[in-house]
Amino acid sequence: MDDTGLLDIAYEEALLGLAEGGIPIGAALFAADGTLLGRGHNRRVQSGDPSVHAETDAFRAAGRRRDYRSTIMVTTLSPCWYCSGLVRQFGIGAVLVGEAETFYGGHDWLAEHGVRVTVLNDRRCIDLMSKFIADQPALWFEDIGVSD
């Protein structure tokens with residue numbers, strides 16, 4: 001599966017999150033051969049739990065592994081510091097980012113620490129987040145930890 005095919009799974013998750021009344025960010029964790037290990041989406045609103053970001057949801061769905069170095073975290077949006085920390089903590093070897101225009105997270109930091117980072121700037125992801133931010137600014141600012 002190519003990068004766009006991997007991103008398609010995360011994008012589907014982002015749409016699920018939006019349909020549930022949440023923040024439209026999706027993620028998926030893949031093995032190096034493209035096998036899907038886990039998928040998820042931001043569920044902060046739905047679960048009332050501020051720690052359920054898309055990347056953490058996908059990571060939890062993947063279950064335990066002895067080694068994450070050969071895995072690929074795919075996310076529709078540049079990972080925040082919290083999710084970037086997850087990638088570093090568990091040694092996830094690669095991150096595929098749908099877009100970094102609406103939010104520029106910690107992907108440069110990850111690259112500086114040896115994680116293979118690819119930013120696609122996928123139009124679907126940019127449009128989805130741009131519309132959400134315009135429609136729900138208070139919820140977006142809550143998600144990224146910015147007060148009014």
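Predicted model: local features only at pLDDT ≥ 70, side-chain atom pairs only at ≥ 80, totals over all residues.

Reader: In what order do the five strands of the open sheet lie?

Author: The order is 2-1-3-4-5, and the pairing in this open sheet is mixed. Strand 2 and strand 5 (116-119) stand at the edges with a single partner strand each, so one side of each has no neighbour in the sheet. From one strand to the next, the twist averages 15°.

Reader: Which strands does helix 3 touch where it packs on the sheet?

Author: Helix 3 touches strand 1, strand 2 and strand 3, and its direction makes about 145° with that of strand 2. As for strand 3 itself, Ile-72 and Val-74 point one way while Met-73 and Thr-75 point the other way, and all of them are buried.

Reader: Why can helix 3 be called largely enclosed by the rest of the structure?

Author: The step of reasoning rests on a cut-off, since a residue counts as buried when its relative accessible area is under 20%. Seven of the nine residues of helix 3 are buried, so the helix is largely enclosed by the rest of the structure. These buried residues are Ala-54, Glu-55, Thr-56, Asp-57, Ala-58, Phe-59 and Ala-62, and what covers them includes strand 1 (26-30), strand 2 (36-41), strand 3 and helix 4. Helix 3 is followed by Gly-63, whose phi is positive, near 80°.

Reader: How should I read the contact of helix 3 with helix 4, and at what angle do their axes cross?

Author: One reads the axes together with the residues that meet. The axes of helix 3 (residues 54-62) and helix 4 (residues 81-90) come within 8 Å and cross at roughly 35°. On the side of helix 3, Glu-55, Thr-56, Phe-59 and Arg-60 take part, and they meet Tyr-82, Cys-83, Leu-86 and Phe-90 in helix 4. The residues of this contact divide into five nonpolar, one polar and two charged.

Reader: Which residues of helix 4 are buried, and which exposed residues are carried by the face turned away from its buried side?

Author: Cys-83, Ser-84, Leu-86 and Val-87 are buried in helix 4. They cover an arc of only 150° around the axis, which puts them on the same side of helix 4. The face turned away from that buried side carries the exposed residues Trp-81 and Gln-89. What covers the buried residues of helix 4 includes helix 3, strand 3 (72-75), strand 4 (94-97) and helix 5 (107-112). Just after helix 4, Gly-91 takes a positive phi of about 70°.

Reader: Is Ala-19, by contrast, buried or exposed?

Author: Ala-19, which is found in helix 1 (residues 3-19), is exposed, with a relative accessible area of 70%.

Terms used:
Residues numbered from 1 in each chain as written. Heavy atoms only, no water. Axes fitted to C-alpha atoms, helices over the stretch in contact; angles between N-to-C directions. Helix = DSSP H or I, 4+ residues; strand = E, 2+ residues; numbered from the N terminus. Contact = heavy atoms within 4.5 Å. Nonpolar A, V, L, I, M, F, W, Y, C, P; charged D, E, K, R; others polar. Buried < 20%, exposed > 50% of the residue type's maximum accessible area, 1.4 Å probe, protein only. Arc of directions from axis to C-beta. Pairing = 2+ DSSP bridges.
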